[in-house]
Amino acid sequence: MSRVAREKPGPLEYHRRWPLQLIVGATFFFLYFPLIILMVFSFNDSRRNIVWQGFTFDYYEKVFKNAELIEAFGNSLTIAFFCTIISVILGALTAVMLWRFRFPGKTAVEGAMALPIVVPEICMGVAMLVFFAKIMPWPSGMPWPLNLGAIIIAHVSFAFPFVATVVRARLASFNRELEEAAKDLGASEWRTFWDVLVPHMQPGLIAGALLAFTLSLDDFVITFFTAGPDTITFPVKVYSMLRFSVTPEVNAASTILIVVTVALTAIGLHLQNQSENKKLKP
Amino acid sequence: MTDLATAPAAKPTPHVKENAIIRFENITKRYGKVVAVDNVNLEIREGEFFALLGPSGCGKTTLLRMLAGFETPTEGRVFIDGKDVAELPPNKRPVNMVFQSYAVFPHMKVADNVAYGLKMDGVDGGEIKRRVEEALELVKLGGYGDRMPDQLSGGQRQRVALARALVKRPRVLLLDEPLSALDAKLRDQMRSELTSLQEKVGITFIMVTHDQDEALAIATRCAVMNRGLLAQVATPADLYEFPNSRFVADFVGSVNMFEGVLDKDEQDHAIVRTQELSAPVYLDHGVTGAKGSTVWVALRPEKIEMHKRPEGSSPMKMEDAPAGTNVVAGVIRDIVYLGSETIFEIELESGRRVRTFRSNLTRYDQEDFTWDEPVWLAWHACSPAVLLS
Ligand SMILES: Nc1ncnc2c1ncn2[C@@H]1O[C@H](COP(=O)(O)OP(=O)(O)OP(=O)(O)O)[C@@H](O)[C@H]1O
Ligand SMILES: [Mg+2]
């Protein structure tokens with residue numbers, strides 16, 4: 001042991017005191033152990049799913065042969081894709097507007113924007129259900145991807161405020177002189193926006209896009225209320241499979257979802273790091 | 001010998017032309033109730049290195065930003081090169097600006113930063129490349145084109161900002177406190193580089209600063225501003241030696257100010273009586289003021305000579321003083337050693353304290369002035385400036 005490690009822990013070094021180490025350990029245990037169990041038992045060669053019987057890929061095969069599940073997965077990815085694009089554009093524009101301009105009712109707009117973040121999801125879900133059932137029914141039998149329109153709209157409505165919040169925070173650190181410098185050098189308002197403001201917002205846009213994508217991909221409550229019989233998403237499908245029994249097939253499907261989300265997040269973060277590293281190294 | 005009452009010779013400025021490249025006509029800028037710039041009339045000649053000098057909040061930046069087009073005057077007109085620019089947005093004006101934060105685009109390479117303005121003007125690729133290299137060479141950043149801004153020091157980033165503005169060959173270059181973010185050594189170096197750069201490119205420079213040393217060192221002409229008003233426009237030497245008001249005398253350099261009454265005002269001499277000095281102040285030139293009016297005598301510390309005064313010698317009368325000099329008695333109360341010079345604070349008989357400098361000509365002070373030592377203070381009758389406001 002090094003000399004430093006043997007010194008008495010400082011007042012803020014809670015990670016070196018046993019009660020807090022215990023809490024931290026417990027947190028990690030309850031956070032990750034169920035996930036690990038879920039993944040491990042997706043390879044278990046038993047329908048009953050409680051005792052380890054041997055290794056198998058059978059359930060993954062089953063998942064890939066389950067046409068309904070695959071369709072639901074495709075729906076989820078499609079919805080998440082459109083939701084991300086629309087949310088990032090809407091969120092960024094909202095953020096720039098709120099940061100840049102003063103207008104009557106600005107506080108009200110800011111408050112209204114935060115609502116989808118604080119309103120309980122179940123209420124949003126019910127509201128969407130009532131809206132799309134009674135007030136503006138989404139026409140059924142539309143071609144792909146228009147059939148997913150209702151869900152996409154619902155997802156955008158709760159995802160874009162997150163994007164706006166992240167981008168707005170990023171904008172707070174913008175140096176207004178950069179904008180003036182661009183104009184001084186001959187750039188129009190639009191050129192200034194693209195050449196100076198958007199590059200500054202970029203990390204916020206990437207973070208916002210990741211948030212929107214993952215929020216949309218794994219949303220259950222709101223989707224459950226807005227989805228029709230022919231527009232099942234992956235989480236809703238998994239839930240419906242659970243109603244019969246917890247099979248390793250569900251485990252396998254969930255594992256795939258976890259892997260996809262983690263991989264996409266990692267790619268996003270990697271891209272962001274790269275663009276930041278490029279700034280540091282030639 | 002030149003007449004002592006005229007200003008010392010100004011810097012030779014062969015590149016300054018006669019025509020006014022900038023003209024402010026009755027410019028006023030209000031922000032609500034705040035009057036940031038108050039009825040300013042000012043002409044700046046082509047090729048000048050002009051400094052806008054003044055304390056914080058006096059409206060220097062506002063005046064500069066009205067030139068660049070980022071603020072519109074509430075009243076009055078601005079002319080650049082004889083053209084009224086009221087309708088021109090910043091991106092259409094023949095001026096470029098170096099911002100206080102430098103505002104170098106952080107996500108672009110140095111070369112792209114410098115090229116940006118040319119790209120906006122639609123200059124073709126080969127020409128851009130050539131001019132960017134030329135501009136980087138000019139600010140001594142040749143070979144730095146591929147760096148990102150955060151790999152540069154503060155001084156280098158400032159040079160990028162300079163190159164980026166100069167590469168567009170503007171008619172006028174505007175600089176807002178260009179040296180305030182640099183440390184003292186670098187600031188001195190950049191001062192002289194800015195001057196030689198300006199002489200080399202021959203473009204009119206207008207610099208905002210609140211540092212009077214900087215303005216005096218660099219500018220061919222300065223405008224001193226006070227609460228939105230132009231207090232005085234003059235060459236650095238005139239500003240220092242012939243201030244037109246207490247504000248300018250006090251803001252530019254250090255000064256001893258005595259309030260008094262104009263007692264006598266003839267063609268060739270004047271006398272000011274003041275409570276703060278034991279003797280009236282004798283001046284060897286006339287003052288254009290009404291007899292009996294309140295005036296202020298401003299005396300720069302370096303223009304005061306200090307001599308030993310043997311204990312017990314009676315205060316000298318004005319009549320006994322050597323011709324053309326003023327002499328008062330005092331006691332040294334404070335000594336501040338600054339290396340190159342020493343500041344003495346002397347208490348006069350009236351209780352008033354006066355400052356004077358002495359250059360440390362030798363390593364050991366031969367005269368060895370010390371605390372509580374009685375001294376004579378003397379100055380030439382032509383040294384003080386008499387101020388009417
Ligand atoms: N956008 C604005 N809105 C309201 N008041 C302003 C604005 N810009 C400047 N002012 C006011 O106008 C006055 C002059 O400001 P200005 O920035 O020109 O001062 P300055 O001489 O550049 O000072 P400093 O040396 O501190 O930069 C100040 O009183 C300031 O508070
Ligand atoms: Mg300023």
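## Domains, a sheet and a chain–chain interface

Between domain 1 of chain A and domain 2 of chain A, one residue pair is in polar contact, with both residues at pLDDT 80 or more. The residues on the domain 1 side of this contact are four nonpolar, no polar and no charged. Salt bridges between domain 1 and domain 2 of chain A number zero. This is a predicted model.

Start with the layout of chain A. Domain 1 covers 2–41, and domain 2 covers 60–280. Their centres, taken over C-alpha atoms, lie 33 Å apart. Four residues of domain 1 and five residues of domain 2 make the contact in chain A. The size of an interface is often given as the accessible area lost when the parts come together. For the two domains of chain A, that buried area is about 420 Å². Carbon and sulfur atoms account for 68% of it. Which three residues supply 92% of the area that domain 1 of chain A buries against domain 2 of chain A? They are A:Leu38, A:Met39 and A:Phe41.

Now turn to chain B. The domain assignment gives domain 1 as 20–248 and domain 2 as 260–387. The centres of these domains, over C-alpha atoms, are separated by 40 Å. Seven residues of domain 1 of chain B touch six residues of domain 2 of chain B. Together the two domains of chain B bury about 610 Å², with 53% on carbon and sulfur atoms.

The domain contact in chain B includes one salt bridge. B:Glu241 and B:Lys303 form it, with their closest N and O atoms 3.0 Å apart. Three residue pairs are in polar contact across the interface of domain 1 and domain 2 of chain B, both residues being at pLDDT 80 or more. Helix H7 of chain B, residues 236–241, gives the most to the domain 1 side, with three residues. By class, that side of domain 1 of chain B has three nonpolar, two polar and two charged residues.

Chain B also holds an open sheet. Four strands form it in the order E2-E1-E4-E5, with antiparallel pairing. Strand E2 (34–45) and strand E5 (83–84) of chain B are the edges, each pairing on one side only. Strand E1 of chain B, residues 20–31, runs antiparallel to E2(B), and eight bridges join the two. What is the bridge partner of B:Tyr31 in E2(B)? B:Val34 takes that place.

Finally, look at where the chains meet. Chain B gives 27 residues to the contact, and chain A gives 21 residues. The two chains bury about 2000 Å² between them, 58% of it on carbon and sulfur atoms. On the chain B side, B:Asn91, B:Tyr116 and B:Met120 lose the most area to chain A. Together these residues make up 24% of what that side buries.

One salt bridge is counted between chain B and chain A. It joins the side chains of B:Arg65 and A:Glu180, at 2.8 Å from N to O. Helix H1 (60–68), strand E6 (95–98) and helix H2 (110–120) of chain B each supply at least two residues of the side that touches chain A. That side of chain B has 15 nonpolar, seven polar and five charged residues.

Methods. Residues numbered from 1 in each chain as written. Chains lettered and ligands numbered in written order. Predicted model: local features only at pLDDT ≥ 70, side-chain atom pairs only at ≥ 80, totals over all residues. Heavy atoms only, no water. Contact = heavy atoms within 4.5 Å. Buried area = accessible area lost by both parts, 1.4 Å probe. Salt bridge = Lys/Arg side-chain N within 4 Å of Asp/Glu carboxyl O. Nonpolar A, V, L, I, M, F, W, Y, C, P; charged D, E, K, R; others polar. Domains from an automatic or database assignment. Polar contact = N/O pair within 3.5 Å; in protein donor to acceptor, adjacent residues only side chain to side chain. Pairing = 2+ DSSP bridges.
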